[in-house]
Amino acid sequence: MKVYSFLRGGIRYTDSTVPPRDSSVTAFLPGLSVIPLIQHVGSKANPVVAVGDRVGEGTLIGRGQGLGSANIHATVPGRVVRTVSWKMSEGLSNDALVIKLDGSFEKLGRHEEIFPWQGLPSFELQRIIAEYGIVEMEGSGRPVADMFYSLRSARDPVSLVVRCIFDDPWLAADYVLLRERLEAVAEGSRIAARAGRISRIVLIFSHAEKDLAQDLMDYMAKSEFPVTLVLTGTRYPQRNRRELELVLRRFARKEGIDLGTIFALGPATLAAIHDAVKLKKPILSRYVAVGGSAIKKPQVMKVRIGTRIGEIFAECGGFVDQPRRIGSGSPLLGKAVMDLDEPVIKTSFAIFAFLSGQVGGLVRSRCIGCGECRVVCPVGLDPESIYKHIDASEDRDGRAWECHGCGCCEVVCPSRLPLATSIIRSALKGH
Ligand code: SF4
Ligand code: SF4
């Protein structure tokens, strides 16, 4: 089968400190859960419980407010004992409800009731997905309900792309989830396709995982939609929206298929859609890749949302030495963790702690003109030149707005200049 790749730039990203991808372990339930009211791209959810209230596992505790915001649920039974606020790495403030574990679980360890969805109309499926606060769990945190809403004005046909591309080794949790919950991902894809009135499902896989792709194709045999498999290369950033669209358009041209509007979701989000619609369950836990050179025992863990990051590191044996950098998400673009009391949220697909050797020399030096940043930029930009314009406050002359934020230029720069960081910041400011 032909393997499709984007044409220019990119990097082969490897990291020996990511956890093994063979299986997951279940983390201990936290005695105190810290449930933030922002776990999505938009504004804070409005709390609907107060200090002193009892909550059950899955109780609605925060209601989403408008586009980008999503409902928030308690992930353990207990009592709300206090509220806390803190500044996140982007400088935004977040509030959280702290729940002390107490009482019995409605879901955990119980026989799960199945709710048939096949007869439900698309608007009802969308309502359930919104009610259970499902967001894109592979990074952005955009509510899936908003994505369905934006499809109303989309050009027909619409294709659901099931994105299983592992171009970044820190996607280990997604990979393990896919292996352990393949049937849920397959059914979640069919539910999402029905909810979004989608015409075709496209499974897009890294070619290194073609056996897993075939297994998912087998599960999709029951699908009421045509299902197509596309294999891609593993060069980073193949999974990014722009590179994904490039290879899908090439595939469609070659096969003579009209994919129309592309609507892409990853395995964790699709499994969450399955759980919301079929089991009436919000996102209570998620798969997290825990690793980095400072961690004694890197592993993929199933973690309750609200578990503090410090507790997760402790369950991995703690630190081998003082970490130099702690963050969540992929180290390429991840966010700094400012405090080990910060919790795992719906979008925390990885958390890492690096020793100074892995962080590399933090001292920035002058550009040596090696040209590496130009070689790896998949858009064909000159990151060095744009960076110089930004540094000289002449950013309007640059092409920062064309950058799509993959981070490749910064990774390869031997002078450790903050190329991608500056360019992305400038693009977001609208220069
Ligand atoms: S300039 Fe932007 S698109 Fe190009 S490599 Fe850097 S981060 Fe990626
Ligand atoms: S990679 Fe760094 S050192 Fe090399 S040309 Fe680009 S900015 Fe200069």
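Residues are numbered from 1 along each chain as its sequence is written, while chains are lettered from A and ligands numbered from 1 in the order in which they are written. Since the model is predicted, local features need pLDDT of at least 70 and side-chain atom pairs count only at pLDDT 80 or more, whereas totals for chains, interfaces and linings use all residues.

The chain is divided into domain 1, made of 3-9 + 112-279, and domain 2, which covers 372-428, with bounds that come from an automatic or database domain assignment. Taken over C-alpha atoms, the centres of the two domains are separated by 30 Å. Eight residues of domain 1 are in contact with eight residues of domain 2, where contact means that the C-beta atoms, placed from the backbone, lie within 7 Å. On the side of domain 1 that touches domain 2 there are three nonpolar, two polar and three charged residues; Ala, Val, Leu, Ile, Met, Phe, Trp, Tyr, Cys and Pro count as nonpolar, Asp, Glu, Lys and Arg as charged, and the others, Gly among them, as polar.

Ligand 2 is surrounded by 14 residues, of which the closest are Cys367, Cys370, Cys373, Glu384 and Cys413, a residue being near a molecule if its C-beta atom, placed from the backbone, lies within 6 Å of it. By class, this shell around ligand 2 has nine nonpolar, three polar and two charged residues.

Finally, three strands form an open antiparallel sheet in the order 4-6-7; strands are DSSP runs (E, at least two residues), numbered from the N terminus, and two of them pair if DSSP finds at least two bridges between them. Strand 4 (46-47) and strand 7 (72-73) are the edge strands, each pairing on one side only. Strand 4 is joined by two bridges to strand 6 (residues 60-63), and in strand 6 arginine 63 is the bridge partner of asparagine 46.

Terms used: Contact = placed C-beta atoms within 7 Å. Helix = DSSP H or I, 4+ residues; strand = E, 2+ residues; numbered from the N terminus.
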